[in-house]
Amino acid sequence: MSKYFNNLPLLKVILKWKWHICSVTALAIIAGAVFSGPRFITPKYKSEAIIYPNGLSEFSDETYTEQMLQVIESQEIIDSVVAIFNLMEHYNIDPNYKYAKTVLLGEYHDRISISKTPYDAVKIKVLDKDPQMACDIANEIIRLYNVKFDNIHKTKKLEYVKMYENILTHKYNFIDSLKKELASIIGDNNMLNYLYLSKGNSIAYFSNSDNSNPQNISNAIALVELITTETEAYSEIKLEYENELLQAEGEMTYSNIVSRPFVADKKATPVRWIIVALCGIAALLLSILTVVAIEDIKTKE
């Protein structure tokens, strides 16, 4: 066959068989146009959303975007989407089929893709025969992500709240014991007189008290300074506690939506002109190879 490409001009062979080649190519184009139609390939509509992570916590070495991807691609969210939209029925899968779950997950991942963009955002792309369904699924994935991460976030924050509550209780009891010890040394039940003394005037205050021996003065000054330090630490911890409590009980969203999904008015797949073009090109090349093979056989006879 190679001699036809080397010695006999290919153009001469094509011209000889031009009507056959044109007929085969035309039939392939017509077949491509027919079989790529909605009667044979169900058109699918695309809905896309682009979101950025927001308000996440550092639970590991993963970036916030990677955390978002892990949560969105979790089996819990997949199962929720399947249940909410009854995708088993929507995808025409027989629930009694032995491998129904495997087929369902295959269809899910074929139609719903989650990916990271070059700018560290997350793209949610949904393809479906129903444009409204595609949009609804994209929105629902975002909502489920916020709910899921809210549960993760609040569970962790409630652990911190409990920890701070224990620390605050322990520190409050410790400060209270210091106050009682100071009162027993001075013999004064009026705490306002010495709890807010500065180091400079503590000695003068305790020297004028009824129980002013040097040991008592030294112990009282040490207790006042310790109470002041512990009270300041208590206040700082309480601020952290209130911040964690606010986050644990507050309502938050964990995504910033850059591009919202919308109901498409034009199908995304199949792209008929590409199918038709590929059919025509494949038929053209195949028919040329066929006629060259025929000419080669004739030459050998």
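The model is predicted, with local features needing pLDDT of at least 70 and side-chain atom pairs counting only at pLDDT 80 or more, while totals for chains, interfaces and linings use all residues. Residues are numbered from 1 along each chain as its sequence is written, and side-chain values use heavy atoms, with hydrogens and water left out.

Helix 5 (residues 75-84) and helix 7 (residues 100-111) pack at about 95°, their axes 12 Å apart; helices here are DSSP runs of H or I, at least four residues, and strands are E runs of at least two. Axes are lines fitted to C-alpha atoms over the stretch in contact, with angles from 0 to 180 degrees between N-to-C directions. That puts helix 5 roughly perpendicular to helix 7 (65 to 115 degrees). On the helix 5 side, Ile-78, Val-81 and Val-82 are among the residues that meet helix 7, whose own contacts include Leu-104 and Tyr-108 (contact is heavy atoms within 4.5 Å).

The largest nonpolar core has 33 residues, and Ile-72, Val-81, Leu-87, Ile-124 and Ile-137 touch the most other members. Such a core is a set of buried Ala, Val, Leu, Ile, Met, Phe, Trp, Tyr and Cys residues joined through side-chain atoms within 4.5 Å, buried being under 20% relative accessible area with a 1.4 Å probe, protein chains only.

Leu-168 sits in helix 8 and is buried, at 8% relative accessible area. Setting aside neighbours within four places in sequence, Leu-168 contacts Tyr-234, Ile-237, Lys-238 and Tyr-241.

Notes: Parallel < 35°, antiparallel > 145°, perpendicular 65-115°, else oblique. Buried < 20%, exposed > 50% of the residue type's maximum accessible area, 1.4 Å probe, protein only.
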